[in-house]
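Have the sequence and the 3D view open as you read, and we will start at a loop.

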Amino acid sequence: MLRKVSAVVLGGVLVAAALAACGGQERGGGSGTGSGAGKDDGQIVMGFSQVGAESGWRTANTKSIQESAEAAGIKLQFSDAQQKQENQIKAIRSFISQKVDIIAFSPVVESGWDTVLKEAKDAGIPVILTDRAVDSPDKTLYKTFIGSDFVVEGQKAGEWVKQEFASASGPVNMVELQGNTGAAPAIDRKEGFASVIGSDPKFKMLASQPGDFTRVKGKEVMEAFLRANPDIDLLYAHNDDMGLGAIEAIEAAGKKPGTDIKIVTVDAVKDGMQALADGKINFIVECSPLLGPQLMDLAKKVVAGETVPERVLTEETTFTQEQAKSALPDRKY
Ligand code: GZL
């Protein structure tokens with residue numbers, strides 16, 4: 001009899017212990033720090049997988065996220081994927097095993113995320129897409145996507161080119177430096193630009209290649225463009241950094257960037273704005289990297305179980321050479 005009673009009591013204690021542990025996990029991913037701190041001390045733990053450190057934009061984006069997490073009292077587990085998808089997938093799996101409260105990441109490419117995002121969903125850990133989107137049709141795999149509309153950015157660049165060459169009878173010979181293959185900004189900026197320019201036969205796209213959003217590759221590809229095409233009128237670069245690399249190639253070829261070859265880029269980071277003010281770039285479409293504050297607000301709402309908008313669009317503008325001169329002193333990035 002005594003054995004039976006003690007077995008019942010022991011069983012009850014074990015069940016209570018299991019429930020308590022389970023309750024920690026159910027409350028949104030448990031401690032995440034492995035130290036058992038986590039939600040019990042009210043601190044949210046966010047796992048963030050960053051694309052890499054390929055451009056001035058990315059550096060500013062990382063700074064915004066890290067500073068905003070600090071300011072919001074959110075513990076950030078930060079991982080730099082060096083522009084490799086497999087590193088991002090590994091990082092997300094590590095965040096899941098650490099039982100973080102929320103995962104945010106900027107997908108280096110659009111495709112190939114469904115499996116790992118399903119693993120996060122099955123683990124009860126919400127995901128926020130930051131900066132770049134994924135092409136998964138399953139919208140339940142993430143809570144929201146905060147970032148720019150890259151198609152509109154490409155359209156803005158195309159509109160400026162049409163205006164700039166309105167009086168030219170043609171042909172207007174163009175080359176394009178794309179972001180890394182498969183990245184949402186590369187796909188969409190190319191599509192947006194072509195949707196505006198494509199209909200006008202005087203514009204000829206002589207060459208369009210990936211420059212991977214870096215200065216080094218942008219310079220390398222522009223050197224090849226110049227060797228193959230002596231009469232380039234316009235360069236469209238998907239970010240300032242590739243445009244800045246291309247400027248080095250253009251000058252090395254004895255041509256004047258901004259005069260012999262007009263240049264339109266996207267981002268509006270400080271170095272790009274300086275080149276714009278100096279007349280080496282002709283027009284920049286802004287793409288704001290300062291997503292940190294909004295990301296942390298969204299994270300708190302998601303962890304608290306509040307509904308958030310499926311899409312949060314970032315505000316941004318465009319700059320001419322004159323506008324760059326007056327904007328430069330106050331640029332935050
Ligand atoms: C755009 C971002 C792009 C920037 C590049 O939101 O993903 O990646 O335009 C950066 O500078 O490398």
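Pro 309 sits in the loop between helix H10 (292–303) and strand S11. Helices (H or I, at least four residues) and strands (E, at least two) are DSSP runs, numbered from the N terminus. The model is a predicted one: local features need pLDDT of at least 70, side-chain atom pairs count only at pLDDT 80 or more, and totals for chains, interfaces and linings use all residues. Residues are numbered from 1 along each chain as its sequence is written, and side-chain values use heavy atoms, with hydrogens and water left out.

Pro 309 touches Lys 143, Thr 144 and Leu 298, not counting residues up to four places away in sequence, where contact means heavy atoms within 4.5 Å. The C-alpha atoms of Pro 309 and Phe 145 are separated by 8.6 Å, although these residues are 164 apart along the chain.

**The chain as a whole**

The protein chain holds 11 helices and 12 strands. Of its 333 residues, 51% count as buried. Among contacts with a separation of 6 or more, 75% come from residues 24 or more positions apart.

**The sheets**

An open sheet is formed by 6 strands in the order S2-S1-S3-S4-S5-S11, with parallel pairing; two strands pair if DSSP finds at least two bridges between them. Strand S2 (75–80) and strand S11 (311–313) stand at the edges with a single partner strand each, so one side of each has no neighbour in the sheet. From one strand to the next, the twist averages 20°. Within this sheet, Met 46 has Ile 102 in S3 as its bridge partner.

The parallel pairs can be set side by side:

| Pair | Bridges |
|---|---|
| S1 (residues 45–50) and S3 (residues 102–105) | 4 bridges |
| S6 and S8 | 4 bridges |
| S8 and S9 (residues 262–267) | 3 bridges |

Leu 177 stands opposite Ala 237 in S8, and Leu 235 stands opposite Ile 263 in S9. In a regular strand the side chains alternate between the two faces of the sheet. Both faces of S8 are covered, with Leu 234 and Tyr 236 buried on one side and Leu 235 and Ala 237 buried on the other.

**The nonpolar cores**

A nonpolar core is a set of buried Ala, Val, Leu, Ile, Met, Phe, Trp, Tyr and Cys residues joined through side-chain atoms within 4.5 Å. The largest has 32 residues, of which Leu 177, Met 222, Phe 225, Leu 235 and Met 273 touch the most other members. Elements supplying at least two residues each include strand S6 (172–178), helix H7 (215–228) and helix H8 (240–252). H8 gives the most, with 6 residues. A second, separate core of 24 residues includes Val 100, Ala 133, Tyr 142 and Phe 145.

**The ligand**

For the side chain of Ser 55, the corresponding distance from a ligand oxygen atom to an N or O atom is 2.9 Å.

Conventions. Axes fitted to C-alpha atoms, helices over the stretch in contact; angles between N-to-C directions. Buried < 20%, exposed > 50% of the residue type's maximum accessible area, 1.4 Å probe, protein only. Polar contact = N/O pair within 3.5 Å; in protein donor to acceptor, adjacent residues only side chain to side chain.
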